[in-house]
Amino acid sequence: MAAFILRRVIWTIPVILLVILMTFGLMKNIGGNPFRKTDRAVTPQTQANLERKFNLDKPWYQQYALYVKGVFTFDFGPSLAQPGRDVNEYVKEQFPRSIKLGLLAFVWAILLGFPAGVIAALRPNSIVDYSVMFFSNIGFAVPSFLVATLLIYYFAVKIDLVPTSGWPLGFWSLDSRVLLPSFALGLLPMAYFARLVRGSMLETFQQDYVRTARAKGLRYRRIVGLHVLRNSLIPVVTAAGPLLGFLITGSFIIEYIFSIPGIGRGFVSGVQNRDYSVVMALTVLLSLVVIVANLVVDILYGFLDPRTRETGR
Amino acid sequence: MVVDRRETALEIAGKTPFAPEIGEAAGAPVRQSSLWRDAFRRYTRNKAAVASGVIFIGMCLYCLLIPGFWKIPGIWTSIFDIDPNDADFGQTYLSPSLEHPFGTDGFGRDLFTRTALGGQISIAIGFAATFAILVIGVTYGSISGFVGGRLDNAMMRFLDALYGLPYLPFAILTIQIVSDQGAVDFKTMVIALAIASWFTTARIVRGQIMTLKQNDYVRAAKAVGARWYRVLSRHLLPNTLGILIIAVFLELPGVVLGEAILSFVGLGINPPDASWGSMAQEGREAYRLHPIEIVIPGVAIATLVICANFIADGLRDALDPRTRET
Amino acid sequence: MRRNRWLLLVAALVAVLAFGAAGCGGDDDDAAAEETGATDGGQPAAEQVFRIGWGAEPPSLDPGKATDTTSSNVLLALMDPLVRLNPDTLAAEPALAESWEVDGNTVTFNLRDDATWTNGDPVTANDFVYSWKRTLSPELAADYAYQLYGITGAAEYNGCEKNCEALADAVGVTAVDDYTLQVELTSPQPWFVQQASHHSFLPVHQATVEEFGDNWTDPENIVTNGPFMLESWDHDASINMVKNPNYRDAANVSLERIEGPIIVDGTTRVQSFEAGEIDALDGAGLPPEEIERLKTEPYYEQYPALGTYYYGFNTKNISDVNERKALSLAINRKIITDEIDRTGRDQATGMTPKGIEGFDVINPNSPWLPPEGDMEEAQALYAEVQNPHSKINLFHNDAPGHKEIAVAVQDMWKELGVETTIKAQEWAQYLEFLGPPPNKAVDVYRLGWIYDFPDAINGLELFTCDSGNNNTNWCNKDYDALVEQAKSEADANARWELYRQMEGIMFDEDGEVPLTPIMWYTYPNLENDAVRDTFFISPLDQIDFTKVVVQGS
């Protein structure tokens, strides 16, 4: 096990380098001038000065080397598009907010999705089952920006239950503003969990050992609690990792609509403003998140399902 | 050797858009004719899947026939003879009527025809992108799965790296590089969506190939001296076919929704052409006064996605009754 | 079992429809009910707290580096400019400068002696000398350095690569004594005093900047001299300001606090306002589709703006002037302003917008810019063109509103027999694409110009041969000569005549029509009853918070 973990961790390094290279290549290729924000032309003198200041006049391999060095020393330099802001600070401020949003969405997904899936599996083909499946379909099918807009309209404007936008900034602080955005973001994972849990449980019910347990005369609850639930957890856990990664990185739309100052939005603005420092830093960060999430899942999976521990897959 | 233990059992309706690998699947030698006939029979027993199929085909027909192939004159004539891109400012925001079953939009364009036209583009993008995803995913996954060992490890780690690039900025970057002077047309959208979404399929295919590889008949084929391409094409890929067909209908919603999201960001299809995604984005702003502008594309997208899900479920049950998610 | 699954499918679809349909339904009641601050009396509220919804995060609060409207407005609240502009006449009114004298190329500002920084230091002329030279310094690489190029030695210093101290000393701004600031200009530039109201001319506190470097604008470090102080700045989240009790004119400032959440999405901004969470928006724009509904509400306001929205031609591609004239004639601007844009903008009849002083003299009332277009004439003219384009590429950036206008124009040009391909590009790429010189695929492009100061030269000089903002490939030496002449002409009326000639070269009967202006900007905004009477946005997109009073109920 330890060897497995170590190997995976070591592999992270070339992966990160590859990510940096790809992002670097992509950013260089889309062109655009990070220093020209308005339609007013930038004078050639100013352009030259700025390029010099940010090392953009050096050849590409030197720039790449500088970036790599920056990554490994955790110094991502100043932001190009927002003069005076340091990327490190920027990430330190904004990243926890996205994490919080992602975690809260995850909480919704578990809180509502998991029990819903369990209940649906316990009463297959009943009204309960259909309601669950129905809501999970909605969660998948309607584009998130539509859902978010309508949610704001109902709950914030029409009945004024919660504010329309904004986000409590401290990591541990919570107020009513977190409800709508996390719910909107959590809809898709919620639906996904419900279906996954339901499917997995139903499948487990068919397993021979469950049938044996029933034949033996074990009480239903014990069967469910002991055998079925635990084994159904496996696919859920497998899915949870990348899902969490997705939640943290894929929240641009929600952050934009609800005015949440997080990195999802920051990343897209960075791309639009050609703010190379911000884009590089966030790419590395987000890749790390995903890689770590996958690694954790693989490890957990190894614990949960002894069968996979033996061979390297 | 395939015993369908589920003949009387409950059906599983799980779906895995973020697919973890599929561990085991039916690995019997392929008896072509009876497999497909069996599958078709099983499929038609699933009323929901059949209904979805019907609705889906209905939508495709609506999208094709109503505006007609008006860009190719002479082949079809449009039923109502209305040009969906013809702006007429005297007729903006009309309520539904006989002449305009869905009313008109802010430019006075008939919404009924426009939705159909949008559907053409959305569905076409959906299938084209999905096809592209399959091509890339299958190639990558089968090479990785089949060769195994170090190459597989490296390729999977590379895939990890790609997973790390967040979807939206990656799609934006791709659009800007691929597009023709930054304007988003059909081809650009398809390529961008495909490039941003093929990873899951590759993983699934790889997992499938790896499992199948262990099977006896493959080993037997290798022992007999079959070349790798023969093993791949004759034994492995056909057994993957079922998964792939399902994958089409699984990826389709993702692609359609992805297109809607890109439209929201402003990188939708060039006007005056519309897709349901760009119509949804326009409708989002007008919904207070003209809710029909948000309802129609929203319902259209949702219907497409839901139908695709049910079809995928039906296909999965029909083609691979012993598939399990692990 | 199967039947039930089918039921499920039906139920799902029905509910999707219901969900959508529920999005309709009467909603005229909520807005009125949600408003805060009923306005029966003219009594100021006990708590003078003003909540404004900013439309964007200001990239920087350093006057040397700020380029956008949000930064500009925040800075004008935090700092005290030399002059402020009267919102109606746009004439310069004393602020930090009590008075000024203009003598040929020399402008002398006499500063007040009672203005102080928030840390107690007095504001002196040296602060201005330091600040302006800093903005011009090549190290700072300020985007808006060009605003100060009217000062002698400025352009040279800004363009310097090394050993720049001598050039820095040669810049024509000096502190004659602590409260007298003398500026040497390259030419009379009669608009200079008005231009000094721009945020690029604001002073910064030297010791603070030198101590904290790039972080000097952080709320705990920043030192300002204006009517308000920066209380907190949570990036991308909010900017809060409080009244500066030591401000020289604090007695006349009513607001105690300005709370400013940053809401970037237009629809969310409107929703936030209608839920009563903010008192006003900052003029950053409303979603075009919502305008129709919002216009009927009492809280909708519209301000004329000094800016022109135009379509430029790539005169290398569309080289036949008759073709350009025909395309210009075919555009029915009234439909665009009334049916599509709907924010009460005026159809443009020339480049210089209404509201610029001397407009009546300057405006050419171009025969090629008839408000309702002239399709017959256009078609007739088009028939005379040799080798007319049957396909045209129209580029615009992907911000809200432009697509709809482009579609309308596309439809109008279709009647000429031109098939227009609309290409929307993302902003940064768009700007690069336009050059100058513009990419050869560009036939027509969309741009707008918001004036920096209220003189026609600001817009007209865009189209000189060397201008970095001339994307038309059009170059006319006579035009350039007139521009130079105008810059040296001190007499207003004479200048306006020159401007008329410039407009004439472009838009008269025999004009060259390198671009076709579509309309002149307005700023549509939402303001609730509590602030509507005292809150306004000037034609240069500036907000004066010192005048705002929150009415109570």
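**View 1. Confidence along chain A of the predicted model.** The mean pLDDT of chain A is 79, with 91% of its residues reaching 70 or more. Among the elements of this chain, helix 4 of chain A (residues 87-122) has the highest mean pLDDT, 86, whereas helix 9 of chain A (residues 220-249) has the lowest, 70. Over residues 309-313 of chain A the pLDDT stays under 50, and for this stretch the model has two contacts beyond four places in sequence. Where pLDDT is low, the predicted coordinates should not be read in detail.

**View 2. The two assigned domains of chain A and the contact between them.** The domain assignment divides chain A into domain 1, residues 2-87, and domain 2, residues 94-311, and the centres of these two domains, taken over C-alpha atoms, are separated by 32 Å. In the contact between them, 22 residues of domain 1 of chain A meet 15 residues of domain 2 of chain A. On the domain 1 side, the elements that give two or more residues are helix 1 (2-29) and helix 3 (60-72) of chain A, and the largest share, ten residues, comes from helix 1 of chain A. By class, this side of domain 1 of chain A has 15 nonpolar, six polar and one charged residues.

**View 3. The contact between chain A and chain C, seen from the residues of chain A.** The contact takes 53 residues from chain A and 53 residues from chain C. On the side of chain A that touches chain C, two or more residues each are given by helix 2 (44-53), helix 5 (127-141), helix 6 (144-158), helix 10 (252-257) and helix 11 (263-273) of chain A. Helix 6 of chain A provides the largest share of this side, seven residues. The residues of the side of chain A that touches chain C divide into 25 nonpolar, 19 polar and nine charged.

**View 4. The helices of chain B and the contact with chain A.** Chain B has eleven helices and zero strands, and of its 326 residues 56% count as buried. Among contacts in chain B between residues at least 6 apart in sequence, 69% join residues at least 24 apart. Where chain B meets chain A, 41 residues of chain B are in contact with 45 residues of chain A. The elements that give two or more residues to this side of chain B are helix 4 (149-163), helix 5 (167-178), helix 9 (228-265), helix 10 (276-286) and helix 11 (292-319) of chain B. By class, the residues of the side of chain B that touches chain A divide into 29 nonpolar, six polar and six charged.

View 5. Strand 6 of chain C is joined by four bridges to strand 7 of chain C (residues 180-184), and the two run antiparallel; Asp177(C) has Thr180(C), in strand 7 of chain C, as its bridge partner.

Note on methods. Residues numbered from 1 in each chain as written. Chains lettered and ligands numbered in written order. Predicted model: local features only at pLDDT ≥ 70, side-chain atom pairs only at ≥ 80, totals over all residues. Contact = placed C-beta atoms within 7 Å. Nonpolar A, V, L, I, M, F, W, Y, C, P; charged D, E, K, R; others polar. pLDDT = per-residue confidence, 0-100. Pairing = 2+ DSSP bridges. Domains from an automatic or database assignment. Buried ≥ 20, exposed ≤ 12 C-beta atoms within 10 Å, placed from the backbone.
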